[in-house]
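Student: Hi, I've just opened this one and would like a quick tour. Can we start with the side chains?
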Amino acid sequence: MFSIKRISAVMFAGALALSLGACSSKETASLSKKEEGTGYPTKAISVVAPSGAGGGWDLTARSFTKVLSETKLVNQPLTVENKPGGGGAVFMAEYATQQVENNDMLFVNSPPIIINNLKKEGNSPYGYKNTTPLAQLTKDYGAIVVKTDSKFKDLKSVLEEVKKDPTKLTFAGGSAPGSMDHLVSILPAFKYGVDPTKIKYVSYDGGGEAITALLGGNADVIGTDASSVKEFLKAGKVRVLAITSAERLSGDFKDVPTAKEQGVDAEFTIWRGVFGPEKMSAEAKAYWEKAIDKLVQSPEWKKEVETQGWELEYKNGEDFKKFLADQETQVQQLLEALGMQK
């Protein structure tokens with residue numbers, strides 16, 4: 001009798017141990033699955049260009065989504081949305097308040113995310129600190145551009161005209177006063193000794209609209225990013241008077257002198273990067289950093305960057321965040337010099 005009871009007890013203990021072991025295995029498997037982060041993404045991803053079609057943000061967003069899809073690095077559909085307004089400030093207000101945890105909406109930006117947050121007029125209370133910086137993808141430079149039939153043949157001829165009468169010419173750009181295109185437009189004049197606050201500047205929503213204004217005779221000069229005027233330059237519709245790079249560019253811009261070559265110390269680098277929401281999940285952040293790291297190393301991306309006339313300059317999320325902090329200091333100093341800081 002005793003032995004039967006003992007055998008029963010041993011059998012019960014063994015069954016209990018197996019049962020607990022099975023539960024433990026299930027829990028471990030569940031945790032492992034969570035740790036692996038295999039759930040994200042589960043739906044289509046939207047990549048926002050906070051401007052109209054045709055400008056640098058739009059081109060970056062479309063190239064980014066196109067190559068990610070072609071290389072099958074992302075297993076969900078990717079779409080591009082244009083959300084213009086205030087040189088990106090309108091979208092940032094929505095993103096930083098209503099999409100703060102939306103892992104399925106990314107956006108592209110450049111120095112305006114810093115400038116809009118620091119400038120006095122029409123400034124945005126939101127900046128890169130209200131996002132999760134994922135990566136810097138490329139760098140570009142500012143360009144001073146006129147129509148092909150303009151009387152201006154070089155940068156100095158424009159600056160001399162502006163020096164005589166700062167209000168005579170209309171400068172235009174695809175961002176609000178105090179934003180990137182405005183700074184690109186007036187920086188050479190400022191360096192040439194002209195009071196930048198007296199220059200007539202008209203803003204448009206995106207580089208595409210600014211170029212349309214130039215070609216339509218509604219602006220004399222535009223300040224924009226070099227890559228967005230590449231096709232117009234090749235088509236013979238515009239003349240690029242100067243590039244704000246330290247050294248002359250190659251390819252389609254090989255014949256365009258830098259501002260520095262023309263005796264004007266005006267340099268301005270335009271980076272472009274990808275951001276997620278401020279409260280992006282650790283799983284989504286890790287997914288995108290891994291996907292983007294693979295993207296920038298792919299031959300397809302390198303070819304796309306070359307086709308667009310950009311320069312590949314990749315920084316991962318951590319390095320990008322440090323770089324943004326450094327540029328914030330530089331932009332603050334520039335805006336103070338122009339009297340445009342908040």
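Student: Is Lys151 buried or exposed?

Tutor: Keep in mind that this is a predicted model. Lys151 counts as exposed, at 58% relative accessibility.

Student: Okay, and which residue does Lys151 form a salt bridge with?

Tutor: The partner is Glu161, with the closest N and O atoms 3.4 Å apart. Lys151 sits in the loop between strand 4 and helix 5 while Glu161 lies in helix 5, so the pair ties together parts that are 10 residues apart in sequence.

Student: What about Glu161, buried or exposed?

Tutor: Glu161 counts as buried, because its relative accessibility is 13% and the cut-off for buried is under 20%. Glu161 also meets Lys168 in a salt bridge, at 3.0 Å from N to O. Lys168 is exposed, with a relative accessible area of 52%.

Student: How many salt bridges does a search of the whole structure find?

Tutor: The search finds 16. One of them joins the side chains of Lys66 and Glu304, at 2.8 Å from N to O. Lys66 belongs to helix 2 and Glu304 to helix 10, so this pair ties together parts that are 238 residues apart in sequence.

Student: Switching topic: in which sense do strand 5 and strand 6 pair?

Tutor: They pair in the parallel sense, over 4 bridges. Within that pairing, Phe171 has Tyr201 of strand 6 as its bridge partner.

Student: And what does the chain cross through from strand 5 to strand 6?

Tutor: The chain passes through helix 6, residues 180-191, and this β-α-β crossover is right-handed.

Terms used:
Residues are numbered from 1 along each chain as its sequence is written. This is a predicted model: local features need pLDDT of at least 70, side-chain atom pairs count only at pLDDT 80 or more; totals for chains, interfaces and linings use all residues. Side-chain values use heavy atoms; hydrogens and water are left out. Two strands pair if DSSP finds at least two bridges between them. Helices (H or I, at least four residues) and strands (E, at least two) are DSSP runs, numbered from the N terminus. A crossover is right-handed if, with the strands pointing away from the viewer, the path from the first strand over the helix to the second runs clockwise. A salt bridge is a side-chain nitrogen of Lys or Arg within 4 Å of a carboxyl oxygen of Asp or Glu. Buried means under 20% relative accessible area, exposed over 50%, partly exposed in between (1.4 Å probe, protein chains only).
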